Amino acid sequence: MQTAATDVRAARDELTELDRRVGDGDHGVNMDRGLSAVVERLDDPALPPRETVGQVLRLAATTLMSTVGGAAGPLYGTALLRASKVTDRPDLSASGVVSMMEAAVEGIVARGHASVGEKTMVDAWQPAAEAAERAEDAEDVADVLRAAAEAAAAGAEATVPLVATKGRASYLAERSAGTQDPGARSSAIILAAAVTAAEGRDA
Ligand code: ADP
Ligand code: MG
């Protein structure tokens, strides 16, 4: 969460620019605000315990829901809330990561009813979850996350030529083609941050 907050802050202007082209230009600011609030609350001793992965994800989910706003807040919030329910260990395992990824996608789809190809964050999360499943036998958390993050980045890149049929970008119809979906891009950044953290490369 800390690495994600740092990396999203660094990408804030890029995300804002993408959302300026196909939306209302608030995605970078929304995500920066939300993840900064998550990091603050994770440090707050007055809040419920954060001893398991599930507890951390639950706090992150409720914080994102109440601070990100827009379409992305409830979508990320639902993803992390679903993921929080499938793991209650203090550490991550390869199979736990796969379950979390699957639960996250289910949450995003349950909330937003988008499928792959509609130019949304599903275009990053769906291939990421599938790649995680294929990498599960590696039994190494960083390997599973890396497979997921690479697939998310490729999926996000692949949204560039697509015409949006869900969310605010769909109002632009054909004019939404030619720009990467901001939510798919932020999803790829967050999953890449998970790899950085799992590999211990973060500060
Ligand atoms: P808003 O569109 O309300 O301004 P944001 O700019 O924060 O919200 O987030 C926009 C992102 O939300 C999009 O780039 C897209 O990835 C995602 N999104 C929007 N609608 C949906 C949906 N129905 N399903 C999945 N993702 C969606
Ligand atoms: Mg927006």
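## Terms and basis

Buried means under 20% relative accessible area, exposed over 50%, and partly exposed in between, with a 1.4 Å probe and protein chains only. This is a predicted model, in which local features need pLDDT of at least 70 and side-chain atom pairs count only at pLDDT 80 or more, while totals for chains, interfaces and linings use all residues. Residues are numbered from 1 along each chain as its sequence is written, chains are lettered from A and ligands numbered from 1 in the order in which they are written, and side-chain values use heavy atoms, with hydrogens and water left out.

H113 is exposed, with a relative accessible area of 57%. H113 sits in the loop between α6 (94-112) and α7 (122-135); helices here are DSSP runs (H or I, at least four residues), numbered from the N terminus. Its phi is near 55 degrees, a positive value in a residue other than glycine.

E139 also has a positive phi, of about 55 degrees, and is not a glycine. E139 lies in the loop between α7 and α8 (141-157) and is exposed at 69% relative accessible area. Most residues other than glycine have a negative phi.

## The site of ligand 1

Ligand 1 has 20 residues around it, and D24, A71, G112, D181 and G183 come nearest; a residue counts as near if one of its heavy atoms lies within 4 Å of the molecule. An oxygen atom of ligand 1 is 3.0 Å from an N or O atom in the side chain of D24, and the side chain of D26 likewise has an N or O atom 3.0 Å from an oxygen atom of the ligand. At A71 a backbone N or O atom lies 2.8 Å from an oxygen atom of ligand 1. Polar contacts are pairs of N or O atoms within 3.5 Å.

Taken alone, ligand 1 exposes 570 Å², and the protein buries 92% of that, with areas from the Shrake-Rupley method and a 1.4 Å probe. The elements giving two or more residues to the shell around ligand 1 are α3, α5 (72-85) and α9 (182-198). The largest share, three residues, comes from α9.

T52 is in the loop between α3 (27-42) and α4 (53-67). T52 counts as buried because its relative accessibility is 13%. A polar atom of the T52 side chain lies 3.0 Å from the backbone nitrogen of Q55. Not counting residues up to four places away in sequence, T52 touches D88, R89 and P90, where contact means heavy atoms within 4.5 Å.

Technical notes. A polar contact is a pair of N or O atoms within 3.5 Å; within protein, one must be able to donate a hydrogen and the other to accept it, and residues adjacent in sequence count only if both atoms are side-chain atoms.
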